[in-house]
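Here's a quick briefing for anyone opening this structure for the first time. Take a look at the model, then read on.

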Amino acid sequence: MVLEIPTPAFILLLTVASVLLIVNDHRTSVEQRLRARFGVDRDWWIPVVAFTIAVSLSLVGLPAIRTAFVEKFDIIVLIFSFGIMSEGLGASGFFRYIAYKIVALCEGNSTRLVLYLFTMTSVVTLFTTNDIVVLVLTPVIVEICFQAGIRNTRPILLSQFVAANTLSMGLLIGSPTNIIISEELGINFFEYLAMMLLPAIVAFGSSFLLITLLIRVTESDATTAFDDLHIQPEYTMPAEVPEPYFTTQMRNWILIFVTFVVLVAVVTFMRVSLFWCAIPSMIIAIGYWYTSDEHEAPVVQPLKRLPYGVFFFGMTFFVFAEAFARSPVVETVLIPFLQQFFAESPVRAGVLGVFGSGILVNVFNDLPAAALIANVLSRLEFSSFISRTLLIQSSLVGLNIGTYVTQVGALAGLIWFNQLRIQRAKQREYFPDLVGEMSFPSRGDLVRYGLLHFVFTGLSVGLFLIFVWVFLSVLIGPY
C-alpha cells in the first residue's frame with residue numbers, strides 16, 4: 001500500500017524542508033567557496049531545487065506559476081530598488097553619520113546607547129524595509145561595538161533586529177509583506193497609513209518598554225535568567241568619527257529616497273503596478289551614482305551587493321503559496337472554518353489573528369505567508385468594515401513581529417546572521433585583541449529574545465486593537 005500525501009500537505013512539507021535547509025549553519029566546502037567568491041548561498045539554489053521537485057511531481061501548475069509571476073514579480077523589483085537606494089545612502093556616509101551622532105549623544109552610557117540605536121533602527125525601517133535595514137545598518141552597529149569596546153553585543157544587536165521588524169508595519173513600504181496584503185485587498189498608501197500607524201506606534205512602545213525592563217533586570221540581582229544580556233554600564237568613545245559632517249551627497253540621496261516614497265504613494269493610490277515606481281527609482285539612483293564624482297566605488301559595486309537570492313527565494317515560495325491557496329481544501333475546509341472562527345469573536349480576531357499569522361510566518365516564511373493570508377482574507381466575508389479592518393490589522397501585526405522569533409521568519413534573518421559573520425571576520429583585522437572577548441547573538445539567543453518580544457508586543461497590540469474595536473462599536477454601531 002502506497003501512502004498518498006495530499007498536495008497541500010506536500011507543498012507545506014517541501015516549503016518547511018527548504019527553509020530549514022537554508023537556515024542550517026552547515027556548509028560544504030563547495031558551498032563555502034561559492035559564498036566567498038560569488039555571494040551565492042543556499043537561498044539561491046535550494047528554492048530552485050524545491051521548485052523543480054514541485055513541478056516534476058505536478059504539485060504546482062502553470063496557472064499558479066503564471067499568477068505568482070504576474071502579481072508578485074514587481075514586489076521583488078521594488079526590493080531591489082530599495083537596495084540600490086540604501087546602498088547609496090550607505091555610501092554617502094549617512095547611516096554612519098547618524099549612528100556616530102547617537103554614540104556621541106549617549107556620552108558613554110551603554111543603556112542609553114541600546115535604546116537610542118533601537119529608536120534609530122525603528123525610524124529607518126519605517127521608511128525603508130526590514131531586509132534593507134538589516135543589510136545596511138548591521139555593519140555600522142558591529143563597527144560601533146568594536147570601536148567602543150562593547151564586548152557583549154547581544155543587547156544592541158538583538159534589539160536592532162527586533163526594531164527592524166516592528167515599526168516596519170507602520171508604512172506600506174516598511175515590509176514587502178505589507179505590500180502583498182495591500183495589493184490583494186486594494187489598500188492604497190494612505191489607507192494603509194491610517195489603518196496601521198497607531199498599531200505600529202503601540203508595537204514600538206511595547207518593545208521599547210520591554211528592552212528597558214530587560215536592561216534593568218540584568219543590572220539587578222532579582223534573577224539570573226537574562227545575565228547573558230548584561231551590558232557593561234559604560235563604553236569608550238570611538239577614536240575616530242568617520243562622518244563628522246552632513247554632506248551634499250547625503251542630501252541628494254535623501255531627496256532621491258523621498259522621491260521614491262512619493263512615487264510609491266502615488267502608484268499604490270492609483271492601484272497600478274509597482275513597476276511604475278520601482279523602475280524609475282532604480283534608473284534615477286543608478287544614474288546619479290554613475291554621473292556623480294562623489295562616489296568612489298563604481299556603480300557595479302552596489303549592484304553586486306543586492307540580495308539577489310530574494311528572487312529565487314521569494315518567487316519559489318510565492319508559487320507554493322499560490323498553489324496551496326488554489327487547493328480544494330482551502331475553499332472547502334479552511335475558509336469556512338476561519339469564517340466562523342473569527343466572525344464570532346473580536347477577541348479572536350484581535351489577539352489570535354496576531355499570533356496565528358506570526359506562527360505561520362515561522363513555518364512558511366513571511367513572503368509566502370503574506371501571500372497566503374492575503375488570498376484567504378480576500379475570500380472571507382465580513383459583517384462590517386470594523387471587523388474586516390480588525391482582522392487585517394492583526395494579520396499585518398503578526399506578519400511583521402513574527403519575523404523576529406526565528407531565522408526562518410524572514411529573509412532579514414538570513415541576511416542578519418550572514419552580515420554578522422562577514423563583519424566579525426572584517427573587524428578581526430582591525431581589532432585582533434578584542435575578537436576573542438566579543439560575544440555575538442546565536443540562533444538560540446534570537447529564539448529566546450524574539451519569542452519574549454513577540455508574546456509581549458503581540459498581546460499589547462492585540463489588546464489595543466480590541467479596545468479600539470470596542471470604542472468604535474460604541475461610537476458608530478455594533479460589530
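Buried here means under 20% relative accessible area, with exposed being over 50% and partly exposed in between (1.4 Å probe, protein chains only). This is a predicted model, where local features need pLDDT of at least 70, side-chain atom pairs count only at pLDDT 80 or more, and totals for chains, interfaces and linings use all residues. Residues are numbered from 1 along each chain as its sequence is written, and side-chain values use heavy atoms, leaving out hydrogens and water.

**Helix H9 and its cover**
- Helices are DSSP runs (H or I, at least four residues), numbered from the N terminus.
- H9 is mostly covered, with eight of its 10 residues buried.
- Those buried residues are Pro176, Thr177, Asn178, Ile179, Ile180, Ile181, Ser182 and Leu185.
- The cover over them includes H4, H7, H10, H14, H17 and H18, counting contact as heavy atoms within 4.5 Å.
- Just after H9, Gly186 takes a positive phi of about 70°.

**H9 against H17**
- The axes of H9 (residues 176-185) and H17 (residues 366-379) come within 9 Å and cross at roughly 20°; axes are lines fitted to C-alpha atoms over the stretch in contact, and angles run from 0 to 180 degrees between N-to-C directions.
- That makes H9 roughly parallel to H17, a label for angles under 35 degrees.
- Residues making the contact include Ile180 and Glu184 of H9, and Ala370 and Leu377 of H17.

**Around Leu78**
- Leaving aside neighbours within four places in sequence, Leu78 is in contact with Ile179, Phe260, Val264, Leu274, Cys277 and Ala278.

Methods
Helix = DSSP H or I, 4+ residues; strand = E, 2+ residues; numbered from the N terminus. Parallel < 35°, antiparallel > 145°, perpendicular 65-115°, else oblique.
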